[in-house]
Amino acid sequence: MLELKNITKIYKTGDFEQKALDDVSISFRKNEFVSILGRSGGGKTTLLNIIGGLDKYTSGDLLIDGKSTKNFKDSDWDYYRNVSVGFIFQSYNLISHQTILSNVELALTLSGVKKEDRKKRAIEALDKVGLKDHIYKKPAELSGGQMQRVAIARALVNNPEIVLADEPTGALDTNTSKQIMDLLKQIAKDRLVIMVTHNPELAEKYSTRIVKIRDGVIFDDSDPYEEKTDEENFKTRRLNLGIKQALNLSFNNLLTKKARTILTAFAGSIGIIGIALIISISKGADDFIEESQRNALKSYPIQIQKESLNLDNILSPPEKEDKANSTKDVLANNMILKRRSELSASYSENNLTPFKKYMEDNKEKLSDEIGGNFVTYSYDTNFDIFTKDPKGDLINTDGSEFEEREDNFMANLLKPQSSNKNFTELITGEDGEVSKMITDDYEIIEGSWPKEATDLVLFTDYNNEIMTQTLYEIGLLPSKDYKDILAKLDNKEKIDLKEARLSPKDIIGHEYKILTGSDYYEKSGDSFLDISDDEAKKKELIDKAISAKIVGIARKKTNDDNKIIDSPLAYSKDLTDLLIKHVEDSEIAQAQLANKDKNILNNLPFKAGSDEEKQNIGKSFLENLDSKEEMKVNTYLMRNKPELMDELSEKTKEIQSKNPMALAENQENKDNNRALIDYALDKNDKNLYLDIYDEFLKDATYNKNLEKFGLVSKDAPSDISIYVENFENRNKIKDFIKEYNEGKSENEKIAYTDYIGLISSSITQIISAISYLLIAFVGVSLVVSSIMIGIITYISVLERVKEIGILRSIGASKKDIRKVFLSETFIIGLLSGLIGIGASMLINIPLSKLIQNMSGIEEIRAFLPAKAGLILVLISVGLTLIAGIIPSSIAAKKDPVKALSQE
């Protein structure tokens, strides 16, 4: 069964060699009680350790069931110790922080026995040694004899073929020693028991064979045996300590040092707390910025206009040139003219019809890849809106009734254009309902959202306020009062402004009249006359015009400067469709649609192929002028053809000198504006006709007439506005436009205007950069704390050296030992992470209040995302595991014999 052949063991200390065993050969039967007697230092314990696989021989061979161990790997020895050998030590060698049951179960855990079977077999083993009632006690709660019985139970639980006992009664009294020896004698009936002792009386009384050893040599054997079989019956397999058991061993050990464990975990959590707080503040700032961006993006969509302006050339700073003039000469600086030249070249025309189709064909792609977005199409509907103020005075709501203002160039660039600054179209979904982008920002406080095409909604700010001048312009306050205020301001007089307060009943139902461009033309013979300057006829038109009324008042939900609705009054897409249909059905639009080559306003052709045709068209134009055109032409002639005025004056004097009465009769029959025009016709100057054509008729086109009437195609918007929720999706929209432009000529490419993208700095990137710097700074403390945990783990290794020896004696591999100590660092790392996250969440409560008080922004708060918290816990665990690699490796390399001998 077990045979030693010429075993020699030499210990080396520097150049000194100590021979512990010298050419020892001995064989053992399958069941016998062998006592090895000898003095201290004689080699008996070394022999026992070599038989048990704890120590390795220098030369010779150990055969187990006929199998040589010369080529055994560490895993083979681990299996041998776990399955074939059971150790009983003089000092018991129980793991103090484990229960009696757990101590006995440990060997079964390494063998891969299931939990239920493991517990059952351990209890049975403890029952055999009379300790069934003590299974949940710790070793410190037992007597010496009881602890030795636990050691015997642990040695027997795996049913080994060999039991090795090293001075099993050395620390026991006589009575207890007798009990232990009786137990060993009973065990020896069905297996090999080898006991090392220096007590010959015990050996003589209980052993069936006595082997004496001195100076590493066996000099006496009472019943020698020679192994005769050459068959190899011993086979090994790899054992593995389960993660759960490794964690259990480490956890129970940490429980014996609660205070140190908690302090270590807290120290390790300081870095986690620092990083978690930085992430919390950064996340709060990011959320606030993201919400601010979302609100800002609502106000400034990506705009694609029929005529687009590239703002890069305008908003980018001019290039700085190095000073190169070393003379006293004064040089001309062309910067302003150069910038104006760049501005002129920045305009481009977009054909929005194919791009609108491209967007509609790729709706699903926009939704899937870009997420939430809203697209609105604007059209050159060209309409005027009139209303009566509370005193019944009729006003145009575009503000022209009151004062001429020079629009701010940049302000106009940064807002969508419309025919009336006080009215805008609501953003609606495909179902016609008001967009969530609007309902998220505004709430109806009176009335409702538009239900009919002619319904309007009045928008106020957070405090239910609208600019005073706006209330005058849209007819909700008397226009005469505003004119008086403006007059006083022009005279530099001080004005006393009284608070104006309007109740909802004074607003709901207020009526507006809408005139389209086509409404201003009246049929006159074969052509149409512009009657927009005829106040009497205009009032008649207004009375018959399309009526719209205010049906609701919407108030802004938050007190901020972001406005998705930039006008006080808004209408639905249905009103736009109604106005387009109204123009389509008008007489003048139908007439122009039926005559694509002829200008129905003057019955002249749009295009002239030769100078002669231009002269004829110019002459016909002068012969058929209406009153408004007469004034324009007369003004042109006086400014650009002064010689005509001189000639007409000379001719008039000549006529007057000849016949004064004839001139008077002629003036009575002719309009003053016509005199110069008729003289020009009488001269029949063909060059003049060409000049008239170039000035008044050259630019007249079919499409321009349709625009003038307000006739538009739903397929040809004048403006496309794309609203997105964040800058990331905004960039995806830009990529979407780039995809459309790929492979197209310069004239076919779409140019867009991204106002907010050009003027906004990347605040999020700045905050992220600062956050990363702070995290890197605080991360140093995290690394330092991890190193500290590594040191604490190394101290734990030093404290648990005996436990390492015990685990190795029952078959634990080096990998298993490494696993045990890495489990300890895992637990500490996990505890550090959880403490850090928990502490951070508590600190975030007062920290949020502090940030709000310091910034004055109630919406901003420190918040740690769950994902970030989980990642930080994983980082804590990961760093502590890394820190535990070195001490756990040191533990794994411990010599089990030395480890067992250490107290």
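Student: Which residues of H23 meet H24, and which residues of H24 do they meet?

Tutor: In this predicted model, Leu637, Met638, Arg639 and Asn640 of H23 are in contact with Pro642, Leu644 and Met645 of H24. By class, five of the residues in the contact of H23 with H24 are nonpolar, one is polar and one is charged.

Student: Why is H23 called roughly perpendicular to H24?

Tutor: The axes of H23 (residues 627–640) and H24 (residues 642–658) cross at roughly 95° and come within 5 Å. Angles of 65 to 115 degrees count as roughly perpendicular, and therefore H23 is described as roughly perpendicular to H24.

Student: How do you know that serine 35 is buried?

Tutor: Serine 35 has a relative accessible area of 0%, and buried means under 20%; therefore serine 35 is buried. This residue lies in strand E3, residues 32–37. Apart from neighbours within four places in sequence, serine 35 has contacts with Met195, Ala203, Ser207, Arg209, Ile210 and Val211.

Student: Why does leucine 366 count as buried?

Tutor: Its relative accessibility is 5%, and the limit for buried is under 20%, so leucine 366 counts as buried. Leucine 366 is part of helix H13, residues 363–370.

Student: What makes E2 and E5 the edge strands?

Tutor: The open sheet of four strands has the order E2-E1-E4-E5 and antiparallel pairing. E2 (16–28) and E5 (67–68) each pair on one side only, and these are the edge strands.

Student: How do you know that E4 and E5 pair?

Tutor: Pairing requires at least two bridges, and E4 (residues 59–64) has two bridges with E5, in the antiparallel sense. Leucine 63 has serine 68 in E5 as its bridge partner. Helix H1 (residues 44–51) packs on the sheet, where it touches E1 (2–13), E2 and E4, and its direction makes about 120° with that of E1.

Student: Why is E19 described as largely enclosed by the rest of the structure?

Tutor: Six of the six residues of E19 (residues 455–460) are buried, so the strand is largely enclosed. Asp455, Val457 and Phe459 are buried on one side, and Leu456, Leu458 and Thr460 are buried on the other.

Student: Which strands are joined to E19 by bridges?

Tutor: E23 (residues 546–556) runs parallel to E19 and is joined to it by six bridges. E24 (residues 569–571) runs antiparallel to E19, with three bridges. Leucine 458 has isoleucine 553 as its bridge partner in E23 and stands opposite leucine 569 in E24.

Student: How do you know that the span of H5 agrees with its number of residues?

Tutor: The expected span is 1.5 Å times one less than the number of residues. For the 13 residues of H5 (residues 144–156) this should be 18 Å, and the end C-alpha atoms are 19 Å apart, which agrees. The buried residues in H5 include Gly145, Met147, Val150 and Arg154. Among the elements covering the buried residues of H5 are strand E6 (85–89), helix H3 (100–111) and helix H32 (801–809).

How values were computed:
Residues numbered from 1 in each chain as written. Predicted model: local features only at pLDDT ≥ 70, side-chain atom pairs only at ≥ 80, totals over all residues. Heavy atoms only, no water. Buried < 20%, exposed > 50% of the residue type's maximum accessible area, 1.4 Å probe, protein only. Contact = heavy atoms within 4.5 Å. Axes fitted to C-alpha atoms, helices over the stretch in contact; angles between N-to-C directions. Parallel < 35°, antiparallel > 145°, perpendicular 65-115°, else oblique. Nonpolar A, V, L, I, M, F, W, Y, C, P; charged D, E, K, R; others polar.
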